[in-house]
Amino acid sequence: MRMRVPFLVALLALLAAVASWAQSPPPAFSVDQFLGKSIADVRLSIDGRESRDKEILRVLETVTGAPLTAAAVRESIIHLMALARFDDVKVSAEIAPGGVVLTYDLASVHSVKSIEFRGDLGLPLRQLRSAVVDRYSASPPISRAEEIAAMLELLCRDHGFLKATVRPANEVAPDPDRTRLVFDVTAGPPARIGTAEVEGAPGGNTGDVLSRLGLQAGARFDGLALEAAVVRYTEGLRAKGYLQAKVEPGIRYSPDREQVDVTVRMTRGPQVSIAFRGDPLADNRRNQISALLREGALDEDVLENQERSIEQDLRARGYRDASAPFTREPRGDNFLLIVFTVTRGPQYRVAAVELTGNQQVPRAQLQLVLRVAQGQWFVKALLDADALAIQELYRRQGFRSAEVKASTAPLGSDPTQLVTRCAITEGPRTLISGIEFERVSALSRIVLDQAIRSKVNGPYYQTQIEADREAVLFQYQTRGYQQATVTVPPGMSQDGARFNLRFVVAEGPQSLIDRILIVGNIRTRAATIDRALGLQPRTPLSFLALADAQRRLSALGLFRRVQVVPLERNSDDRRDVLVVVQEAPANSIGYGGGLEGALRLRMNAQTGLPEERFDLAPRGFFEIGRRNLWGKNRSVDLFVRGAIRSSDQFNPNSLPTTSTAPLLEDPRSGFREYRVLGTYREPRFMDLPVDVIVTGAIDQAIRSTFDFNRRQVYVEASHRISSSLSVAGRYSVGRTRLFNERIDPKSQLDVDKVFSRVRLSAFSASAVRSTRDDAFEPTKGTLAAFDGTLAPRAIGSEVGFVKGYWQGFVYRQLSALRGAVLAGGARLGLAFGFPQLVVNSSGQTVVLEQDLPASERFFAGGDTSVRGFALDRLGAKSTLDQNGVSNGGNGLVIFNAELRVPLWHQKSLGGAVFIDTGNVFAKVGDISLGELRSGVGFGIRWKSPVGPLRVDLAWKLNPRTFANGTRESPFAWYVTIGQAF
Amino acid sequence: MRKTSPVLLAVVAVGLGHLAGAEVIDRVLAVVGSQVVTLSDVRAAQTFALVPAATPAKTTNDVLAYLVNRQLMLSEVDRYSAPAPASALLDRRMAQIRSTFPGAAQYEQALAGTAMTEGRLRNVIADNVRIETYVDQRFGAAAQPTSEEVQRYYLEHPAVFTRDGRLAPFDDVQVQAQERLAAERRRALITDWLDRLRRRASVTTLLTPGR
């Protein structure tokens, strides 16, 4: 009895369960039984493993505690797939205490790490791999494995493996990024050619045809190779004049697909020659037509096109009645002559231009659109175009039925002197009587009025009205009304004189941004991304705004991939925006090397005099940087560059020196030029639209006149006003030391003697406006820049000065010269030192009038200023010592002009011819255009894989003799990277 | 004989009442480009009769194939910015759909059960109309046969035009022959077009065949 009670309970429970199944009606779908119930829990399972990934939970619409709706589940699936992290999403539900437990089963996208092929490949491995990579990339999605296998199978069969099968055998690793895509290939035996025949072989020579097509009984059959051979053979026949040649292979497969019989049906046709009779045609035109006819199949359409082309050419030169009909003249069975008989006829000229019928539009206005002018050769096409242009001008002014008839008549007795006539029938004018916007509530009348160009009492012009309709629609779409429509119903008055312009708007719902979901950011703060996006919740959703947001986010330079997409919502008026980012690596390393060749001033150990010697300096750089510091797009960067330079002194005969050349501080070759830069960059400093850069720099460089070593710190704030204009302000403080001066001591300026080491503290400002299409290889646009520096002693500068430097460059592409680029530039430098009293090394007090320290003075000459002169060797007489070494100066003027031409259709190789002129003047007041010195030359440009290499050779116009009796070298040559300007 | 715990039996019995526990309520069935087709989309297409009558759509696979093709066509229609259909036409179609339900409650329940809203359903219908208009404009004229082709079709398909054991005269069935040939051509053109769209797009189907 005791044992029966538990069994009774169990039986009752079982019966109750069965009863509950029987009583509840079966749901329409399995989801119905869960709808409306409270969500007790939301679980994630990624690749079979439980997960609490917050990023994923954030994009779900199903929230614990809320009632379950099918719409929320569907939206969650859409959101998850939009992350592009998952191949599949399944949502299951089960009843639990407290409601419904939802489980999201997610299958990660498996990024393919490697592609492998196994089995009997048939084709070379490289060919199979490149077929996959070329079409699907090196890391195709695993979901396309079947599609790729089908492609490979087709490829094998096209190459003669007619029984090939390819099956994917993906090896999905636990780590989604280490999946191998494996294809099991069974190529089978390649099909062999059974019989190969030719029908219609020229001269019955089937052997030759079969040989050219690679068809031999017993040989391996390759369908694609046969196709290529047919194309080559056909082109060969056409090149020999058989312009109507056709070759079509017919293929029959054996039942076991191991043998293929090929029958080639060909018709060679006659050998075709093209001839021109009648009036002469230019040689290049004849050759062009012949070449065109050889390129394609010779049929009636092609010949008629050429006939029209010849006639159009002649008519464009005044031969109004020109004709060039073609005829076919067979010469036996094997030859065909196609003859174009060119008849130019007389050449007509425009003797006068008449306009009649214009009453409401003055002739002066109509003349502006005319292209036909008295004295020109008569071209009917131009006259027709003028008629259309006049008609269009009338239509724009509201004459919607205006018509213009063009005609010609001879003037006097000479039939080739024509009077052109445009007879205008104006018709009535229609004006817009009123403009209304109907069913508008979301936008104000003012906004819509400003969007359109049609005006009350303005002319009725259908094209403008259509443009206005689009403009009104655009106003709605940019404000989130994606489903808005705008129509313009008829509104013409009975007499056609007035048109009531009505824009009937169906606004539709306005889509607003609901939530902005940001995923993928690991180091970058969400606030940084939010600020760059510029989107706000509860603001209108427009695709223009989303595209702008994506562009701004990409411009941060922090991300490898950026996607800003609206997500579907069941309610059409609110949409979430999903921002998916993939951060770029935080660390970056760069390195490189190069070679610079230029003339440089070096001391001759024998004579003690400076001489220009060609110097080849290998250089290299290394850079390491880290960005996105503290999640706010800050970055630090360390840049190191060095060049190996030969000694400043050379011994021409390797004899012991007996000169009294000045002792050089470091006469050895080695790393004598270097630069070390440490930079910290903070965009949008303190949330202002200003980027701040703090830089510490150590520089040592060799100039022609001196070497210098500089240590400097500067802080710069820059602001981009527009895409082409930016401004910056800077404060710098540092110390510069000069050494190895090559200037004659008698010519050395007092400021350099007193301040061989000088501390400078300066404020600078600059503005740059660039509309160049490319910063390194501009072909069009302009660059204008100004840089000004103020270094008063009051803020710590040992020498006070003010300096300004202006640059302007312009680039124009010359289409008439096959894309050549004409580049021009002008530079002006003006500097004023503040007078001060100083005590020199001899204890004397000297007055520094307007002198600047050597490191701040202007120098010119070299590969980027005035070519023909060695680096820094250009100067007015007052700036040169007796050996021709320049002291630099306070005034600088440079002009450049260069023509850059692509060579031999090769865009990577180009040439240039140039003229540079300029000079450096001791004082601003000494500037004189009559004292400019010039260099002319030519060069080669090569767009190498490492950058644009440039070799220039330039000659001085009027080389001079220095005070010491030595003559300037007449030319200079340069090897460097980058354009001169 | 082993004694089975009655408590265990009771628990199993109660558990049997909840055998329907973990059920897949929605999932991804296909991805066409960047657009997802879900199980709820298939249900919606079946519930609201959104699949054209001419399309064979009995199983989930059939409806899915239709929805994949629809998405391919819609992407193409969107590229050409086909205009939205007139509101009156959409109103009529929506009214037709509503009329297939016994009452408003059933209609609302169907919407809720298929992750649909009135607005989204209207959009789906509007897109269907745009697709139909586009296809008509693109393939309508191209599919029209010449009189010679109609005649040839008539001669090559006698079984179709046989009535009561006799081949009907051409004049009597000319219109029918023309319509049939035009429809066949249109189907062939559309199939060819869809093949090209499919080759260009990325289409992934996750549904196991046979369901």
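Residues count from 1 along each chain as its sequence is written, while chains are lettered from A and ligands numbered from 1 in the order written. Since this is a predicted model, local features need pLDDT of at least 70 and side-chain atom pairs count only at pLDDT 80 or more, but totals for chains, interfaces and linings use all residues.

**View 1. Helix α2 (residues 39–47) of chain B is largely enclosed by the rest of the structure, because 8 of its 9 residues are buried.** "Buried" takes 20 or more other C-beta atoms within 10 Å of a residue's own, with C-beta atoms placed from the backbone. Helices here are DSSP runs of H or I, at least four residues, and strands are runs of E, at least two, numbered from the N terminus. Among the buried ones are B:Leu39, B:Arg43 and B:Thr47. They pack against α3 (70–82) of chain A, plus β1 (23–32), β2 (35–38), α3 (60–79) and α5 (104–113) of chain B; contact puts C-beta atoms, placed from the backbone, within 7 Å. Just past α2(B), B:Ala49 has a positive phi of about 50°.

**View 2. Three strands of chain A make an open, mixed sheet in the order β8-β10-β9.** Strands pair when DSSP finds at least two bridges between them. At the edges sit β8 (192–199) and β9 (246–253) of chain A, each pairing on one side only. β8(A) runs parallel to β10(A) (259–267) over 6 bridges, with A:Glu199 opposite A:Arg265.

**View 3. Another open, mixed sheet in chain A has the order β17-β19-β18.** β18(A) pairs antiparallel with β19(A) (498–506) over 3 bridges, and A:Thr485 has A:Ala506 as its bridge partner.

Note on methods. A residue is buried if 20 or more other C-beta atoms lie within 10 Å of its own, exposed if 12 or fewer, and partly exposed in between; C-beta atoms are placed from the backbone. Two residues are in contact if their C-beta atoms, placed from the backbone, lie within 7 Å.
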